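Trainee: I would like to learn how to read a structure such as this one, one feature at a time. Could you begin with the terms and then turn to the case at hand?

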Amino acid sequence: MADHKHHTSHEEHLREQHLMLDPMPRGKMNEMVMESMHTTSWKFWLVFGLLAALVAYALFYKWGVMILEGLGVAGVNRPSYWGIFLVNTVFWIGISHAGTFISAILRVFKAEFRRPFTRAAELMTTFGLIQAGFSIFMHMGRVWLSYWLMPYPNQRQLWPNFHSPLSWDLLAITTYLLSSTMYLFLPLIPDLAMARDRTPDGTWQKVFYRILALGFRGTEGEWTHLRNALNIFAFAIIPVMFSVHTIVSWDFAMATRPGWNSTIFGPYFVVGALHSGMGAVVMVLAVVRGTMKHMKYFIRPEHFEAIGKLMLIISMAWGYFFFNDYIVQWYGGDKWTKELLHWHEAGPMGWMWFGMLICNVAIPWAILWNKKWRSTPWLLFLVGMLINVGMWFERYIIVPISLTINRMPFTWRLYQPGIEVWLGIGTLAFFILLYMAASRLIPLIPVWEVQEGQMAHSLKKYGRETVVAVSDLE
Amino acid sequence: MSKQISRRDFLKLATAGAATTAVLTGCGPTSRFVSREPYLKMPEYTYNGMSTYYATTCRECAAACGLVVRTMQGRAIKVEGNANNPVNLGKTCARGQATLQGLYNPDRVENPVKQARGAQLSQETLDWNAAIQIVSDALKNTKPSEIAFLMGMAPDHLFDLVSDLAKAIGAPAPIRFGALGMFEARATLSKAAEDLFGKASMPFFDLENADVVISFGSNFLETWLSPVALTRGFAKMRRGNPERRGYFVQFEARMSQTASKADEWIPLRPGTESLVALALGRLIAEAKGGSLPPAFASVDPLTAAADAGVQLEVLERLAQALVKANRPLVIPGGAALGQSNGLAVAESVLALNALLGNFGLPGGVFISPLAPAQDAYHRPASAKEMTDFIAKMKNGGVKVLFVHGVNPVFELPKHLGFAEALAAVPQVISFATFPDETALASDYIFPDHHGLESWGYQRAVVSAKPVLSGAQPVVTPYFNTRATADVFLAAAALAGGKFAEALPFADEVAFIQSKLTQLVGEEGFFTAPEINSFTAYFQQYGGWWTSDPALATPSAANAIAKRFTPAAAEFAGEGEFFFLPFVSPTLGEAGANKPWLQELADPTTTVMWNTWVEMNPVTAHELGIENDDIVEIVSEAGSVEAPVYLYPAIRPDVIAMPFGQGHTAYGRFASGRGANPADVLGSHFNEAGDLAFAGMKVAVKKTGKTKVLSRLESRIGVYGEGLEKE
Amino acid sequence: MIKRFFVWAISPMGRIAVVIAGMFVFSLAAFGIYQTQQNPNPQPIQFPHNLHVGLGIQCLYCHPGASKGPSAGLPTISKCWGCHQQIAKTQTSPKLKPMLDAMNNGTNFVWAPVAKVPEFVHFNHRPHIAAGLNCENCHGDMTKVTIAENPQVMNMGWCLNCHRERAGDDEAKLIKLTDCGTCHY
Amino acid sequence: MTVDLNKLHAVGAIAEEAEGKWGMVIDMDLCTGCQACVAACAMENNIPYVEEVDAGYGRSMHWIRTERFWEGEYPEVKMSAYQPMLCQQCGKAPCEPVCPAFATVHSQAEQINLQVYNRCVGTRYCANNCPYQVRSFNWRDYQDSRVRPEITILANQFNPDVTVRRRGVMEKCTFCIQRIHKAQDKAKSEGREVEDGEFTTACAQACPANAITFGRIDHPESLVAQLARSPRAEHHLEELGTLPRVTYLKEG
């Protein structure tokens, strides 16, 4: 950067590269965001319709079939009592992690590059958690009685078992869903107010925005309250986020199964969740940037580059925890655990184990080192997708493949997925569907945050050097 | 008792019960408001919700185990063993337990039908009066010599009744047959006893008191003779003496369930059993010193061992063990007898026992006593006798055939041509409870009750104490069936004349009482002064038996003096494999229509719901055959297809296959499932007339098809499949 | 597109469709509630408990199983006939005609049980009687009703309350009486 | 509202160092693998059959199964002793703490593991966590006559003392708790204690080899307690600290 001869061109280059240095009038930017929401081609509705049909068939119809006929239509068996249902639950909770991570942690650490895509990430949290909820309910043999897992006073004097990790899980996920939805909603209020003001009267959208904007008018007091609330939430939600996936990992780590009974599972799962979540964020950003109007202005290679760096670090961390988990289990020398490790690598699903390592470690390391490559949206989309595949493999290895091996070799048996493949596709389709619907209703770019950032950023000259200056907003 | 419940009431009760049990955790509206109909007349000793227990006899095989059936509101709920009955002393096998699924089987013959030899069970129902008229006409209008009765293995009251009838009208004596008898080679054992002891009877092997047991192919823990009694005997042999654990050695080409419990399983070449037995005898005689008995003089242990593929040291060691044993016992049985030299095997084993001096001693060999009310030992027909009968049928010598309790179309080797012979009989009347292959090939099916709905008695063939096990209905008949004995009695009365004179009884129970009369006043488990109290006790205790064993001691002299010509068995056919069919331990001959027996894992292979071919893995790999590959087994008599199970404990030159599946009829659970090894068996017999079912050589061909066998065991965990070896 | 839906929904046809959809949902709910609330099957005869109990007939005379085993039992028609054949009114009373007909035809009454527990509850009358409970403790005062009615909802809370009360301070008894396996297996 | 967890049986799995109440001894030297116990158990406890495909896919519902392994290769091949595997009624059962609904709880009164079918929501966590893999899940409505018409007739045989389970519910060996209750009820009505050998489980009752013995393991003079003191006695996976109540007697 510093090699440029002319300051003006260097400045232009900086503006071109960094959204924060490339301000735009408030009205124009609002206009752009509104337009991005309203510009909808027939292709969008085609995809939307197809996905809706897919959700109706794969998720709801097939689920109905399974509820009526029993879990026999799925592939679960003895000893793989938990199949893809739990794989998907963990996977979706993992996906949901990156949203909060990007939004809250980066907000707390004042990472400026977060500003244009916090919303997109937070939406992922909420929608991902919904899919996780679907997956866990599908998993249950008698889902119509799932309310029994909630502690409520009843005349039978029965309570859920608070010893069970599943009870903790349920509470953790519910807490996370509620708090992440709140955390999504708070920064949304000014943008909803903006949308409300830019929506003609008499439309249902106007009603929608008016209700949701809670009468936000943008007074100084409102902004102060909002900032305070956001700060509190950003700090408060981080432990919730870590606890959720740690507790999910306890579903496994608290069990007596060989291969599951691992103390490192907590952080291993959290890092794994971030790994897949970041991959998912990058995919969403690439799609949003490629398909929605004006998004090339908001989402720039610099963002991909920054996320790419994060992904690289998380990939390394994941690699470390994987190695740690493996080596500790191997060194433990338990007969059955050794059998299990051997099964992972040399069993019929060994390709998945190697595939997981390639997707989660080898590919990110090979590609994300290069700044140019990690600034390329389509390449990052690819890497994000592979990471998600790899992380899905990881959960698959932990759940059905590990369940194959237990202390009773007479019962070892392979798992062959059945209807749960459809249900998994259904949750994926539902996730995308929700996202598509949201992209037409909710400003995907937190305009006020971007503008706030742009106001704080300026280019200053010290001698011949152009320097980016950031003023403290608080 | 249950007679007081009308059939209609019973059905209603059953439906109400079914409705209440059908809806469980959920609360559908149907379950909420059930109707409960009490008995029209409540038997004074029953209360709602409380069980009543009836003693009866298990009819799943011919062993005559006593049962106590728990009933509740007119439904049979659970089968328990009758602890008083000396045969089983309160124990049951899996087939006995599952007899309830025969009683409440969805595929029973529900009404008398005009079957007209259709492929499916006929829907053309008759009423019982018409049925009795048909039976009566058949009896009256046929020349007695052209009437034939074909019955099951069990020596029961119906056999007595039919025998009396046949004798009175001058018809040939009824023939009893069953696949179990064929695969047990009962005729061979009794012929050997006749040859050596001068009396056709079943030898009795006192397993429970022996301490070193050597068995030649006897599958006494599976289906042989009386498996529950023999299993108990085995357990006592093993652990009955706290000082010493019984030692058990099995010579068999494949590790059967029985062999799997042996301390030593010695795979020998099929057909060399008599050689090995004689060689053992010679080694023992030499070890004991003195003159060499003639029986063992002509065998050379070294060549015998070489022929059998067994090391001479092993035989020497076993000979030493037998000599040192306090109570040695050698048992012949199973496939060893079902070979061309089966009689020689039986005789040489008996001679070996004679040499060991265990005749008449605890843990030794005896002659089974006759059951109460029995004049002589009537063994079931051998396959040779069945072949003669088939020839008679084919030649038009049989005009009317009554079939009860046996399914020869399925059980006899197809090669013998029973089905074709059946077609040559103008009138076939079946009394089958289930629509089996023979029943479907009949003109009429006049269904008998299920065993748990019937009166009767049954003799225990193999028992130290003479046992007459009693049977009584534990529930009212579920369907419109009628006891075959009653049908014959009514038909005879209708026919009048000599028929009515032969069977002057009001009903089945009167006939049974007439037979029991001779036991009144006899010393036994109970003693009753007159017939009515005798019958009451007979029902209450589930039969009558003596208090003390009544075993006879055979004479050892003949056995030891007989000169044997040691020779291996001859095998028919050209193939490279010895073919070893065996009766499925879980299904038996007729268990395939009971879903829970199908669901039971075979003890050795853990296969469920199907037939398999056992093959040594090494041989299979040489032929390029893997697990679950369907192979065709071709013999000179026929061929059959079944999936392969790579069985680690079978000789490489032997393939084995269970008998029990491969039905083409017999209800939804049995038909179209698995394959029948009887289809490849030929018509070779041993000297005693038993089928040389283990005397075939077969070829194995890959078909290119596969069928995954359902196994309980894990192929990963047990065989390490799917894991690359480290 | 969604906007169009709303516009359509305001149109007359749209309103009708919305009303139909609403009625559909409502009737589904109503059906569901009906399914759980429907009345039991009618009794075969309008049996007056009050009259019989008033005559001094003991409960156990007609329901003898209660002191012996799990089920109290419902009487057979022959039990009714034991007394009623000596009562002249039996031959004439229209109320008793069903019994007379059943007796003449050799059929039987199909009672509709009133006091029921679900399939997964294994209730046993005997220990309750042995523990000194009287029939009316659970089944109400039969001198007051004609056809038997259930005075209370027989559910788990009701069972447990009584079990706890009766166990009192006896720890072993409390464990036994509140053990899941006492009723559910 | 205060809740005493003790009274809700929540402590069942936490600590029970006592020897238990009911116990079983299985002599593997006697077991011939004949499956009589399996059939008897199925008949007593209304266990559904699952038919060929499901059975081969590891969905068979046997509450007791006989395991056997191979040692060596032909001709030195040996089969291990038949090992009947059923719920070990652990004193510290791994299945109990993981159930979120208290559907599998420890019976304080009988000191066995209960499976309360009507409370089960089907998370299948207990089955995962069972080191013995002896829990079976109702994958389908195997006992519903609307799904299987033949059940209409077969249901006549159902034991009314045992709940018939529907889809989505976990089940396992109960040590024939219905027989325990019946014997206790009878003994109580006669004002005495249950005697040793007065009743037994369906599997023990059927076993032709008398390989299974059931009774009060906490009464030192009972047959089962005497057998459990045999030098051949061993517990499966004892190292996990599950305190199994089923003792196996080794061969030899």
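Mentor: Let us begin with burial: a residue is called buried if 20 or more other C-beta atoms lie within 10 Å of its own, exposed if 12 or fewer do, and partly exposed in between, with the C-beta atoms placed from the backbone. Helices (H or I, at least four residues) and strands (E, at least two) are DSSP runs, numbered from the N terminus. This is a predicted model, in which local features need pLDDT of at least 70 and side-chain atom pairs count only at pLDDT 80 or more, while totals for chains, interfaces and linings use all residues. Residues are numbered from 1 along each chain as its sequence is written, and chains are lettered from A and ligands numbered from 1 in the order in which they are written.

Trainee: Which residues point one way from β19(B), and which the other way?

Mentor: In a regular strand the side chains alternate between the two faces of the sheet. From β19(B), Phe577(B), Phe579(B), Pro581(B) and Val583(B) point one way, whereas Phe578(B), Leu580(B) and Phe582(B) point the other way, and all are buried. Since seven of the seven residues of this strand, residues 577-583 of chain B, are buried, the strand is largely enclosed by the rest of the structure.

Trainee: In what sense does β19(B) pair with β24, parallel or antiparallel?

Mentor: Strands of a sheet pair through backbone hydrogen bonds, either parallel or antiparallel. Two strands are said to pair if DSSP finds at least two bridges between them. With β24 (residues 654-659) of chain B, β19(B) pairs in the parallel sense over six bridges, and there Leu580(B) has Ala656(B) as its bridge partner. With β25 (residues 696-706) of chain B, β19(B) pairs in the antiparallel sense over three bridges, where Val698(B) is the partner of Phe577(B).

Trainee: In what order do the strands of the open sheet in chain B run?

Mentor: The order is β1-β2-β3, three strands with antiparallel pairing. In chain B, β1 (52-57) and β3 are at the edges with a single partner strand each, so one side of each is left without a neighbour in the sheet. β2 (residues 66-72) of chain B and β3(B) are joined over six bridges, and Leu67(B) is opposite Gly81(B) of β3(B).

Trainee: Which residues touch the most other members of the largest nonpolar core?

Mentor: A nonpolar core is a set of buried Ala, Val, Leu, Ile, Met, Phe, Trp, Tyr and Cys residues joined through C-beta atoms within 7 Å. Of the 468 residues in the largest one, Val281(A), Val276(B), Phe488(B) and Ile655(B) touch the most other members. Helix α10 (residues 265-291) of chain A gives this core its largest share, 15 residues.

Trainee: How many residues of chain B are in contact with chain D?

Mentor: Two residues are in contact if their C-beta atoms, placed from the backbone, lie within 7 Å. By that rule, 60 residues of chain B are in contact with 55 residues of chain D. On the chain B side, the largest share, seven residues, comes from α9(B). Ala, Val, Leu, Ile, Met, Phe, Trp, Tyr, Cys and Pro count as nonpolar, Asp, Glu, Lys and Arg as charged, and the others, Gly among them, as polar. The side of chain B that touches chain D accordingly has 35 nonpolar, 14 polar and 11 charged residues.
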